[in-house]
Structure formats: structure tokens, C-alpha cells
Amino acid sequence: PVVLFARYLKLDFRNTFRLRGFRPVHVLALLLLFAGSFFLLLELAILQRHFIPAPVEVSERVSTAVKRGDFWLAVLAIAVSPAICEEIMFRGFVLAGLGKYSRWARILVNGVLFGLFHLLLFRILPTAFLGIVIAFLVVYSGSIFPGMLFHLTNNFVGLALIYYSRESAAFFKEIGLGENAADWFEGKAHLPWALLVASAAILLVGAALIWRFRPREKRSAAGEVVESEPRHVSNEKEIQQT
């Protein structure tokens, strides 16, 4: 529907949906962003449950449905489909509609709208944070495709952890990440500070990498973002720094 509406409005698909190529370094950056945000998202979900408890039956129903169903069908429905459809809507159409504002304003508003869209109050904080991270990735890479890859990876890993919950808990315990790994995923125990600090550091490294190789934006006379170009080294000092 979003694509059809954009066609009805006669929008430029390439600019509206950021259908541009991206650099190999952006793949490394998105993996760092995912690795850094993974445990932070778990902790945010646990913190929010102190204010808005998650209905036990909802978690149990989701877990039961995933484990009893076909895993790859669930991947298609819960990982692949949202990675394409939600990104086209939020990091494409909605983000383009915020083109008159600064980059950070677009990123924050887009993330908050992404959180509200899912209509799960007990998940709104981690979902909004996830939306902010993906919006940052898309805005500063200049392409929607890294956002799709990030979204796909996040949902796939979450789905796999539910489907293989016992094996996942045993794996985290075996590599020394914590004795209460199973309780983290169920929201029953806080994550250790050392793990959260390490995660934040990895997230910042990924963000710095994206920012360093960000494209240059061009704007129309009305102020909307119409194009993103790769940054070029403009002088000898930048060459030396590179």
C-alpha cells in the first residue's frame, strides 16, 4: 500500500525509499550496531516491565506458536516480511516525509513512531530504541538496504532464541555471559553491568563507523532531502587522516 500511495503521489522512488547502493563498511557497521544493541534491548524490555508488566499469556502464546509451527515459515512471516515491509514504510516513506527536519530530528521522530506503531505498550521502549538505531543506520548510510539487513538479523535472532530457548540459554552460559541467561529472555533478571557497558561500547563503535563514512545530503529548494552522495576527500589533511 505504501508503494502504491507513493506511485499515486508520483514520488521519486529512488529518493523516497533510499534505493541506493551501500559500502561494504556499512555491513560491518550494521553488525556492530546489532551486536551492541542486542543486550541493551533486552535490558530496556526488562526495565519497562517494571512500569508496564507484559501479560504472561502473550509471551507464552508467542513462544508456543513459534515452537509448534514451522520454523522457516515463522522466519518468513516474522523476520523477512517486516524487514522489507516495515522498512519501506518507516525508513522509506515516513522518513522521507520528515525531510525538512535535521537528521537527528528525523531519526528520533521516526524511532518513536516505529515504537508506537507496534501498539504493544510493554514493548514500546525497546521497539522505539530499535527504530532509532535502524533510522540512524539508514540516514547515515544513505541506503534503506542496511536497515533491512539489520531488521532481518534482529528478528531472525530473536525468533531463533525463542525456538531454541534451552539451547540458547546453555550456549550463553557456556561462553560465560551469565548464569541467568534464560531469565534475561523471559524478563526475570537484569543483565550484568559489565555486559551492558561492553554492549554500549560496541554500539558506539558501529555508530562511529557509520558516521565516518556517511554520505553528503543534497536538498531541494523547499528543503527536503533529495539525494545522498558519498563523501569525497576534499583536501590533503583529510587524505592523511584517511
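Analyst: Happy to! In this predicted model, the largest nonpolar core has 35 residues, and those touching the most other members are L33, F38, F39, F150, L191 and I210. A nonpolar core here is a set of buried Ala, Val, Leu, Ile, Met, Phe, Trp, Tyr and Cys residues joined through side-chain atoms within 4.5 Å; buried means under 20% relative accessible area, exposed over 50%, and partly exposed in between, with a 1.4 Å probe and protein chains only. Two or more residues each come from α3 (24-48), α5 (71-97), α6 (103-117), α7 (124-141), α8 (145-163) and α11 (193-212). The largest share, ten residues, belongs to α3. Helices are DSSP runs of H or I with at least four residues, numbered from the N terminus.

Beyond its neighbours within four places in sequence, F38 is in contact (heavy atoms within 4.5 Å) with V157, L161, F172 and F185. Another core, of seven residues, lies apart from this one and includes F71, A74, V75 and A79.

Helix α3 also holds V27, which counts as partly exposed because its relative accessibility is 33%. Helix α6 is where L116 sits, and L116 counts as partly exposed because its relative accessibility is 46%.

A word on conventions: residues are numbered from 1 along each chain as its sequence is written. As the model is predicted, local features need pLDDT of at least 70 and side-chain atom pairs count only at pLDDT 80 or more, while totals for chains, interfaces and linings use all residues, and side-chain values use heavy atoms, leaving out hydrogens and water.
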